[in-house]
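Please read the points below with the sequence and the model open beside them.

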Amino acid sequence: MSEPKMEELKFEQALARLEEIVRLLEQGESTLDESLALFEEGVRLARFCNDKLDEAEAKIEIMVKEGRIEPLEVEEA
Amino acid sequence: MQPITVSELTKRISSALSVPAFQSLAVEGEISNFVHHASGHMYFSLKDAHSRVKAVMFRSRNRLLNFLPKNGETVIAVGSVGVYEPSGEYQLYVEMLFPKGTGDLHLAFEKLKAKLEAEGLFDAARKRPLPLLPRKVGVITSPSGAALRDIIRVLTRRFPAVQILVFPALVQGEGAPESLIKALQLAQDTDCDVLIMGRGGGSFEELNAFNDEQLARAIANSAIPVVSAVGHETDFTIADFVADLRAPTPSAAAELVVPLQEELQRAVTSAAKRLVGALRRQISAERRFLTQLASSAALQRPDYRVNQLRQRLDDLFTNLTLHNTHKLALRRSQLGNLAGRLETLSPLQTLARGYAICSDAEGHVLRSADQVQPGDAVNVTLYAGLLLCRVEGRKCP
């Protein structure tokens, strides 16, 4: 399969592919070379997923006028 | 005239009422004699200045009422007319009941709902799945409402790194549907990948902005999945039916839209662990296989195979030499034979005895004087050397 570029990947696609790779590896039907390639891809996907999860702080914004976006202050209730 | 039984009369009246004109109608009147029976059914009368009609609303229908009817209240009752045979009284079997005033709104709601449903706008097949992890959540609601605070609180609790973009909109009163549609359209040009549209609880009239036909169509046409979150659990609006997902409340919408961050982290961590484990197992399996190979006879005595090969090589070489020697002798005797035959055919011996060969300029051997003309060049080959001659004359036979 052609491997999509990491940065275009959505989290759910990355997680789904990671789980597929784990399944393939656990079936143990690949050659060692294939397994190493899968493993490498899996490690990259796991890192990508973790990065996505750890990404930045929450950002809360409000569209004040058409196209103009400002941060939104939220008062704690 | 043949008399009929009371039962027969009642049956005839009952069947006379089973015509469309009496089967689906809306009646406006004031409630009186209202009784909510222990069985759950409601019995009352509807009256106006001149008339009164008995009415019953069974438990299965009145469970859905979001108000408690009171004596003196003017209502619109939707249902059919039938006969209560034991007492021979006709009465109104009420399916839906609305307070006068909102009654019109409710009727419009039912009509629009039926229309859009018939168009297929509510079909399950139209509903799009929500992203597992949205990059940005758009929230279309009143910027000052409690709904927005609830949504933000739940979103940030479940997923601390969530990105939220709020699209302010009027959620009730004049211009609210247009305002919601505008916000929905603005959201289309952003990188939000899911939208929550809603407001907190309110009366039917207050929620009515979400029963707008154009808004319903805008939701259906949204390229981004829309989660509706209007009012409370028991409130249903047209927006709820057409949205990709209906959340019972704004907080619930937030729950449905983002996953728990720790849950996803656990999923990723567990997949990574299994990944490493699976590879490790394969490597140790390959290593065992390698050890097995290393202990095999072939690898234990590495010269074994080489010696085998060396011997084979010797054999081949011997064969090759024998073969060639034989072939050479054969060729040599063939050559001697041919040389002998060549000797007897050669003109050299004849030339040595003083004969000559005469040929024309093209090298054709001449056997007759008429093959040339006087003046032609001819070559005369002697035993030793060649004479280049010209014909002076000839004597043809």
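The points below treat the contact between the chains and then the strand pairing.

1. The model is predicted: local features need pLDDT of at least 70, side-chain atom pairs count only at pLDDT 80 or more, and totals for chains, interfaces and linings use all residues. Residues are numbered from 1 along each chain as its sequence is written, while chains are lettered from A and ligands numbered from 1 in the order in which they are written.

2. Chain A gives 35 residues to the contact and chain B gives 30 residues; two residues are in contact if their C-beta atoms, placed from the backbone, lie within 7 Å.

3. On the side of chain A that touches chain B, helix 1 (11–27), helix 2 (32–54) and strand 1 (59–65) of chain A each give two or more residues. Helices (H or I, at least four residues) and strands (E, at least two) are DSSP runs, numbered from the N terminus. Helix 2 of chain A supplies the largest share, 10 residues.

4. That side of chain A comprises 21 nonpolar, four polar and 10 charged residues. Here Ala, Val, Leu, Ile, Met, Phe, Trp, Tyr, Cys and Pro count as nonpolar, Asp, Glu, Lys and Arg as charged, and the others, Gly among them, as polar.

5. Strand 1 of chain A pairs with strand 7 (residues 163–168) of chain B in the parallel sense, over four bridges; strands pair if DSSP finds at least two bridges between them. Ile60(A) has Ile164(B) as its bridge partner.

6. Within chain B, strand 1 (residues 25–36) pairs antiparallel with strand 4 (residues 74–84) over six bridges, and Gly29(B) stands opposite Val75(B).

7. Strand 1 of chain B also runs antiparallel to strand 2 (residues 42–47) of chain B, joined by five bridges; His36(B) has Met42(B) as its bridge partner. These two strands form a hairpin with five residues between them, and Gly40(B) in the turn has a positive phi of about 105°.
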